[in-house]
Amino acid sequence: MRVTNNWLVASAMRNLNRLRADSTKAEQQVSTGLAFTKMSENVVGGSEVLKLQHRLGQLDTWKQQQNDAVQWLQASEQHLDDMSESLARLKELALRARNAATEGHRADIATEAQEIGNHLVELLNARNGDKALFGGFQTQGAPFTMDWSTGTLTYGGDSGKLMRDVGPNTTFAANISGDQLASFTYQDASGTTQTGDMVNTVFRLIKDMIPTAPPAGAPVDYPPKDDTMDRLEAAFNQVNALRTQVGTRHQRITQLESKLEDTYLYLESAMGNAQGADPAKAILELEQASNAYKAALAVSGRTLPVTLADFLR
Amino acid sequence: MSTFSSLNTIRTGLFGSQRALETVGKNISNANVKGYHRQEVLFAAAEPSHVINGIGRGINSAQVVRYRDEFLDRQFRARSGWSGYYSTQANALSEIENLMGDLNDTGLKASLESFWNSWKTLALHPSDLSMKQGVVESAKTLIQEAKITFSGLQDLRTSLDGQLQQKVELVNQAAAEIASLNQSIQVAQAAGQEAHELTDRRDQLVDSLAQLAGASAITQPDGTTTVFINSMSGSSSGAFVLVQGNTAMTMTATQAMEADLDPSGITSTTQLVTNLTYNGTPTPWNVPSGEIGALLEARDQIAPDFMQRLDDFVRGIANQVNSLHGTSVDPSIPNIFTIDPAGTWMAIDVNAAVVADPSLIYSAGTLPTGGPPWPVTDNGDRARQIGALADSAFLTMGGQSLTGRDFLRGLSTEIGFAVKDATARAEAASLQVDQTEQQRASVSGVSIDEEMTKMIQYQQSYNAAARVMTAVDEMLDILINRVGTVGR
């Protein structure tokens, strides 16, 4: 082959350019810590990175929904706990009223029952932040209004379920609506199923115990009706059942939370694997590339400047 | 043979060496000139004179040859046509990659995500005006980002068009110069002169035409060269003559409406693009190779294709959101997006009424019983449904159903593959060009060492000839001045 000067120059240039590009790439990997920064450098990896980004984004929105649902469920759980305790106390009062020695005692018991009744109405109208806890979709104002003179409890809310997407294909209602709470079924003395509500039961109980209230001709040791006890029991069970429901949901979300946390860690590390450069490898490559570049420079520096002209006298 | 005739013989040797040294000088001074082909004086022993005993009459140095390999030239041109094509295409695609293929979680991808998230957040607080405001803002950002990307593509087309105009101008200039060189070379050859420098220049111009438009050339017996450009019109391909003899055709770049180039009939009166015509013929022709080929393809096919799909993307999302929150659900629910029914690219916006009054957004799952203002409720089922569109595959691309995010990922992946492919091809083509160029340099390039060696060789032969001439001179001196002087 005939080696000409242009040939030498072009070949040296080409090699230097190629080696320089190699070393720049290695340099970039070391300084950014990323194996690639453009889709075209690694299409499959880049597509994977986009997928992982999307999944990480999804986790964030699930997290947001979970937090909101947990807030609702915690508040519901706490207020249902309170209700359950109050109803337990009422049951106790009812039993004591049965055995109360005097009407005076019963009147005392009735006063306490009245207070518990007020407290129950307060609990029913409890709020989660600025929203009514048990109002369904109707979260403005108080969902329940109690008229103690007639003993009627009116529910102004609806049966709306606040649905939250807390995980992949997992949707929960974050709330218990008032209609679930206020009404329940029980069996009366004759064994027929009746519908009652918690507060009216309390009202009945109080009415049963207040001395002025007993119907004409009733004996002095007028006990609460058996029916009332049944209703009280049913209300208690209802509240506890709902509490269990809420608790179960809460627990499920806690499980999901920890699972998502694991997924998050996994995705982060997958992201590192997909786009991150292996520092040791990158530095070695940089070293290699810069050595090759230096060698090429040295060779070109030796061969290019020499011609026969240097040796002519 | 006479003593005087040997003087003449030696003179041819002296002149020959001188001419060879001149050529060595020319080669050395042009060693780095692009397109220069090394020259060499070809010596031949002069025919003997039959009058004088058939003894030779020195040398003939009539011919100066120019080293070139026609096969390599042809190969170089074909390869540099493809190299020009792929490197231009890779550049255009890289621009698109910068617009649509970034790996960071920013731009269109991020704004799509925050659009869906704003609905999901609204679902948590369905009657909160600030959340509705958030939905409106994120919808505006989504449209804006899409339009920024779109106008980036539009700018790219405009710049491709500008480049095309320049390249066409270069083609015309080169063609005109080749035509005039053809004429000069023809005249010189007819007069029996060498026209190596003119031919070098002409070859260089043909090389540049090869890179610009994939041109090829054939040298005619009369010394002129005919330049062709391959063309494709639909499925039929052929070649048209760009330069023949001393005539050059002209390409003109005229401007046409975008609608003329876009078969799908989507119109945009604001976009002017250039249509190519050949020698005044308005039929659009296509150059399949060279930089012009790549520019035409990028401007008329690749960029519009991405613009179309970006439009599909925004239109798909707007339609889907409107189908859940718009007049088609209930006449009293306003559309979130206004969509130009004529189908103009990117004529989609956030409904001005909703922008002016975000409280018009209706988050509840149940249908409203009256018009706005909407009753306060915590029912966010509609907002939840719209937020859930994030994971719903309602867009289609290439017959596949995709979510918005996957659609964008598909575009990124596609452009990534295209850039990778074009870059690899451009690199391969340029490597081939380099190799051919090296082979050409091996044949036609100047080697200083070789020229130096020849310089020594011709210097020595010049010295020797001069020495012989001195000897003959001394012989003549003896003959003229010393003969016949006996007895003086």
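Reader: What does buried mean for a residue here?
Author: Buried means under 20% relative accessible area, exposed over 50%, and partly exposed in between, with a 1.4 Å probe and protein chains only. This is a predicted model: local features need pLDDT of at least 70, side-chain atom pairs count only at pLDDT 80 or more, and totals for chains, interfaces and linings use all residues. Residues are numbered from 1 along each chain as written, chains are lettered from A in the order written, and side-chain values use heavy atoms, without hydrogens or water.

Reader: Which residues of H1(B) are buried?
Author: Helices are DSSP runs of H or I with at least four residues, numbered from the N terminus. In H1(B), the buried residues include Ser6(B), Ile10(B), Leu14(B), Ala20(B) and Asn27(B).

Reader: How many residues does the contact take from chain A and from chain B?
Author: Contact means heavy atoms within 4.5 Å. Chain A gives 44 residues and chain B gives 51 residues.

Reader: How many salt bridges cross the interface of chain A and chain B?
Author: A salt bridge puts a side-chain nitrogen of Lys or Arg within 4 Å of a carboxyl oxygen of Asp or Glu. The rule finds three across this interface. One joins Asp165(A) to Arg384(B), at 3.0 Å from N to O.

Reader: Which elements of chain A supply the side that touches chain B?
Author: Helix H1 (5-32), helix H2 (43-98) and strand S5 (163-167) of chain A each supply at least two residues; a strand is a DSSP run of E with at least two residues. H2(A) gives the most, with 14 residues.
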